[in-house]
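Let's take a walk through this structure together, one stop at a time. Have the model open and follow along.

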Amino acid sequence: MAEDGNKGEAAKLSGAGYEVDLPVIHGSIGPDVLDIRKLYGATGRFTYDPGFTSTASCESKITYIDGDVGILLYRGYSIEQLAETADYLETCYLLLYGELPNAKQKEDFERTITYHTMVHEQLNYFFRGFRRDAHPMAVVCGVMGALAAFYHDSLDIENPEHRKISAHRMIAKIPTIAAMAYKYSVGQPFIYPRNDLDYVSNFLHMMFSVPGEDFAQSEIYTKAMARIFILHADHEQNASTSTVRLAGSSGANPFACIAAGIASLWGPAHGGANEAVLTMLYEIGSVDRIPEFLERAKDKNDSFRLMGFGHRVYKNYDPRAAALKDSAHQVLEALGAQDEPLLKLAMELERIALEDEYFVERKLFPNVDFYSGIILRAMGFPTSMFTVLFALARTVGWIAHWSEMVEDPTQKIGRPRQLYTGPVQRDYTPVAKRG
Ligand code: CMC
């Protein structure tokens, strides 16, 4: 529990006819927060903070970001160390349970996840209800929500064992569901999971094997994929995680909450940006057209934004973007495609933008989505799958936050207030008398 500044430290807020002390709460690192929970009772006023730019919506022990410096920690471990040395499932364990697993815990966790990767056979028919040209995010979102209709035995959110089984099921089945969404869209048969493969290799197998030929696993691919998964696994209270928490605060079942997170992630300002970056790079087409697009990004009358640039929290280089830039070089080199024009274009775009006064002044740097699409494309993923991969990797983060919220004894249903600016009360007029 955070230390709640009962050492006499408080901020004073006064206005016409009121004065109130706001307790100061200290986290383990990061800025202190002012506790405004009693503000309305004491003053008759709410705070106004659209987009939550100054509001902490919860207490959390999972992930820490210092956006000014460019630091990202999962349970205290730096993202650079984890991306370099950890594997994805031990990162999942860390996010879910707070500590890295010992050898026995790691083995048990891997076995549990492996033995939950298959989905209910009936789900095959559910998939077949979708149009073949559906966006895979629509399919994955629908199927995740539908899991609540298949796994009735783990829906009691008050039961810790049910919560644990649901968590394991979602982490285990999301690669299967993602790969099925892809296979369905290209008209290939679904590929069943294999228990002799690790999490990442198994996903690549379900994506790229066909009944006549197994996917040729390569260390470069599995390493790059694992790194992408680790870098996307959590990012504290972003839009989709906050959506999961808000949905879960009403007591909704975990599958419904994660489906809500997937829906929120889909937007181009959030997880959909990785797809939008590639579309943008194709549209720019060549280095000589970069200035034209930068001018458009700066023009307030033009809705075009530089996709993969800027972040609500990072006002410095996103550490995830740095790691992915590195991976992009490694993957393309391994494929003998180091001269890939798209990578050159992206690097030149980054260079020019980082020297441009508009971007410098606003502290706009490349974010996690800027380089991930280039790697995924080189690995053979279609653009429409990029956001699905983000959702796959983020599922563990959403579940960790959902579990933390459900286990928090101070948790209440999320219910923001509003500043109402609509009409004041007026009388109903019969239609004949309306102008
Ligand atoms: N291109 C051009 N201008 C930008 C951009 C951009 N990508 N991002 C921000 N700005 C400008 C914005 O117009 C504003 O300028 P001014 O102060 O003159 O009005 C200023 O920078 C601050 O922007 P903001 O919209 O107030 O910032 P925000 O914190 O609300 O938005 C963001 C953050 C990520 C939505 C935004 O930077 C953006 O739309 N970026 C492009 C989409 C993108 O790459 N999203 C992925 C985010 S990282 C992955 C994830 O978390 O899902």
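Thr176 is found in helix 7, where helices (H or I, at least four residues) and strands (E, at least two) are DSSP runs, numbered from the N terminus. What you're looking at is a predicted model, where local features need pLDDT of at least 70, side-chain atom pairs count only at pLDDT 80 or more, and totals for chains, interfaces and linings use all residues. Residues are numbered from 1 along each chain as its sequence is written, and side-chain values use heavy atoms, with hydrogens and water left out.

Back to Thr176: its relative accessibility is 3%, so Thr176 counts as buried. Here buried means under 20% relative accessible area, exposed means over 50%, and partly exposed is in between (1.4 Å probe, protein chains only). Who are its neighbours? Not counting residues up to four places away in sequence, Thr176 touches Thr117, Val119, Pro193 and Met206, with contact meaning heavy atoms within 4.5 Å.

Let's hop over to Thr117, which sits in the loop between helix 4 (103-114) and helix 5 (123-127). Is Thr117 buried or exposed? At 6% relative accessibility, it counts as buried. Leaving aside neighbours within four places in sequence, the contacts of Thr117 are Ala172, Lys173, Thr176, Pro193, Asn195 and Asn202.

Helix 5 is also the place of Phe127. With a relative accessible area of 0%, Phe127 is buried. Its contacts, again leaving aside neighbours within four places in sequence, are Val139, Val143, Ile177, Met180, Ala181, Tyr184 and Phe190. Take Ile177 from that list: Phe127 and Ile177 are 50 residues apart in sequence, and their C-alpha atoms are 9.4 Å apart in space.

Now for Asp196, in the loop between helix 7 (160-186) and helix 8 (199-208). Asp196 has 58% relative accessibility, so it counts as exposed. Between Asp196 and Tyr40 there are 57 Å from C-alpha to C-alpha, and the two are 156 residues apart in sequence.

Helix 9 has 14 residues and reaches 20 Å from its first C-alpha to its last, close to the 20 Å expected at 1.5 Å a residue; the expected span is 1.5 Å times one less than the number of residues. Helix 9 is mostly covered, with 11 of its 14 residues buried, among them Tyr221, Met225, Phe229 and His232. Arg227 belongs with the buried ones, because its relative accessibility is 9%. What does Arg227 contact, leaving aside its neighbours within four places in sequence? The answer is Ala83, Glu84, Ala323, Asp326 and Ser327. Val424 is another story: it is 197 residues from Arg227 along the chain, and their C-alpha atoms are separated by 54 Å.

Time for a pair of helices. Two packed helices are described by the angle between their axes and the distance between the axes. Helix 12 (residues 273-284) and helix 15 (residues 341-355) pack at an angle of about 95 degrees, with their axes 10 Å apart. The axes are lines fitted to C-alpha atoms, for helices over the stretch in contact, and angles run from 0 to 180 degrees between N-to-C directions. Helix 12 and helix 15 are therefore roughly perpendicular to each other (angles under 35 degrees count as roughly parallel, over 145 as roughly antiparallel, 65 to 115 as roughly perpendicular and the rest as oblique). Where they meet, helix 12 brings Leu278, Met280, Leu281, Tyr282 and Ile284, while helix 15 brings Leu342, Leu345, Ala346 and Leu349.

Helix 18 (residues 386-407) is our next stop. Its 22 residues should span 32 Å at 1.5 Å a residue, which agrees with the 32 Å between its end C-alpha atoms. There is also a kink of about 40 degrees in helix 18, centred on Arg394; the bend at a residue is the angle between axes fitted to the seven residues ending there and the seven starting there. Helix 18 is mostly covered, with 21 of its 22 residues buried.

We'll finish with backbone angles. Most residues other than glycine have a negative phi, and most peptide bonds are trans. Phe52, though not a glycine, has a positive phi of about 50 degrees, and you'll find Phe52 in the loop between helix 1 (39-43) and strand 4 (63-66). Arg75 isn't a glycine either, and it has a positive phi of about 50 degrees. Look for Arg75 in the loop between strand 5 (71-74) and strand 6 (77-78).
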